[in-house]
Structure formats: C-alpha cells, structure tokens
Amino acid sequence: MALTDDAHRLIEEHFLDKEKHVAIDATCGNGNDTVFLALLGFDKVVGFDIQELAIEVSRQRLEAMNINNAELILDGHQHLAKHIDREVCCVMFNFGYLPGADKNTATESASSLCAIKAACDLLSRQGMISLMCYPGTDAGAAEHKAILNHIKSIGPDWKVETHLAVSPKPSAPILYVLKRST
C-alpha cells in the first residue's frame, strides 16, 4: 500500500465519527486528494495549486464525477489563510512537483513552512493535517529537512505521527500526521 493510500485511510478513520466541515487540499496536483476529501463527505473542500494545469486537471476530475462541494484556487498554499476565514477540519499536503509536468516547478521550503503554520492556526481542535514529503531529490530532501525541523519544534500542544514506506530507503516518501494533543 502506498503512503498516499495510508494518508487517505488515516483521514477516513479519524473522521469516521466526527463532523466534516471544511477541508483543504493544499497542493491539488492531479486532484486525487481533492476528490478523496470531497467524496469523504466534507461540506466544503478547497484546493490550492500554483499551476493552471493542476487546477484544470482537478476541475475536470471533479466535474466528471459530478462533485460540487469543492472550490479550486489558483494560488500558492502559503496564501491559504488569505482565502479561508474559518476553522478547518483537515488539511492535506502532498509536496513536490506535479506528476507528468515540469519537475522544476515544485513546492519549496519557505512557502511550505508558511502554509503549514497557517494550516496549524486554522485547524480545529478535532482536526488533522497530513504532510507527504518526498526526500528523493535534492530539493525534496531540503524541503523535508525544513518540515521535519519545524514539526519537531511545534510544541507540546501537538501530536506528530510518522509513517514510513513499507521498505523505507533514504529517498522513500515519508508521511507525517499532525493533531492537536489537547
């Protein structure tokens, strides 16, 4: 099972008996997480991406499945608080680049850390954040290191879970799940 499947399973289990108001897909990519959150039953799903191609692919997937509880925003995830004015239940991050597109257009440490901090500020008491990191490239390794340093320092109000690939290698993806501990 891929770690992206694990992220979906963990979110589904977490929200099994909880209200599902607003969820964010902070990095739409091909729309997989946006569709997942919408079908899971969140009242509203907001997807962000900096690439028009990602927004268009995601929009097409949502329309093909007749999903109407999602909004897509062409903007960087570091600006999510500018677009969201209320508490959110779930935020999914899938860092890196858009599969099948230009690998030079990818998430970056500075904007990713800003987005994670904003997500933490917006997260409800019962919410969760998933962070899928890809340390297999130089840029991905640097971003992962910055994210790991940040989540190690977020304090006692947070519980952090680490999930590794079945056969972890230094370049394998790593999933972190953040929840409030109080």
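Some ground rules before we start. The model is predicted, so local features need pLDDT of at least 70, side-chain atom pairs count only at pLDDT 80 or more, and totals for chains, interfaces and linings use all residues. Residues are numbered from 1 along each chain as its sequence is written, and side-chain values use heavy atoms, with hydrogens and water left out.

Start with the fold. The chain has six helices and seven strands. Both are DSSP runs, numbered from the N terminus: helices are H or I with at least four residues, strands are E with at least two. In sequence order the pattern reads α-β-α-β-α-β-α-β-α-β-α-β-β. The radius of gyration is 15 Å, close to the 16 Å from the globule rule for 182 residues, so the chain is as compact as a globular protein of that length. That radius is taken over C-alpha atoms, and the rule is 2.2 Å times the number of residues to the power 0.38. Along the principal axes, the C-alpha trace spans about 40 × 40 × 35 Å.

Now the inside and the surface. Of the 182 residues, 50% are buried. Buried means under 20% relative accessible area, exposed means over 50%, and partly exposed is in between, with a 1.4 Å probe and protein chains only. Contact means heavy atoms within 4.5 Å. Take the contacts with a separation of 6 or more: residues 24 or more positions apart account for 70% of them. The accessible surface is about 9100 Å², and carbon and sulfur atoms hold 50% of it. Areas come from the Shrake-Rupley method with a 1.4 Å probe, and for residues only the protein chains shown count as cover.

Next, the aromatics. How many aromatic pairs does the structure hold? It holds one. The partners are Phe15 and Phe42, edge-to-face, 5.2 Å centre to centre with 75° between the planes. For the cut-offs: rings of Phe, Tyr and Trp (its six-membered ring) pair if their centres lie within 6.5 Å; planes under 30 degrees apart are stacked, over 60 edge-to-face, and the rest tilted. Phe15 sits in the loop between helix 1 (3-14) and strand 1 (22-25), and Phe42 in the loop between helix 2 (32-40) and strand 2 (44-49), so the pair ties together parts 27 residues apart in sequence.

Helix 2 deserves a stop. Seven of its nine residues are buried, so helix 2 is largely enclosed by the rest of the structure. The buried ones are Asp33, Thr34, Val35, Phe36, Leu37, Ala38 and Leu40. They pack against helix 1, strand 1, strand 2, helix 3, strand 3 (70-74) and strand 4 (88-94). Just after helix 2, Gly41 takes a positive phi of about 105°.

Ser58 is in helix 3, residues 52-64. Ser58 is buried, at 0% relative accessibility. Setting aside neighbours within four places in sequence, Ser58 contacts Cys28, Gly29, Asn30, Gly31 and Leu72.

Ile151 is in helix 6, residues 138-152. Ile151 is buried, with a relative accessible area of 5%. Which residues does Ile151 contact, leaving aside neighbours within four places in sequence? Leu131, Val160, Tyr176 and Leu178. From Ile151 to Ile50 is 101 residues in sequence and 24 Å in space, C-alpha to C-alpha.
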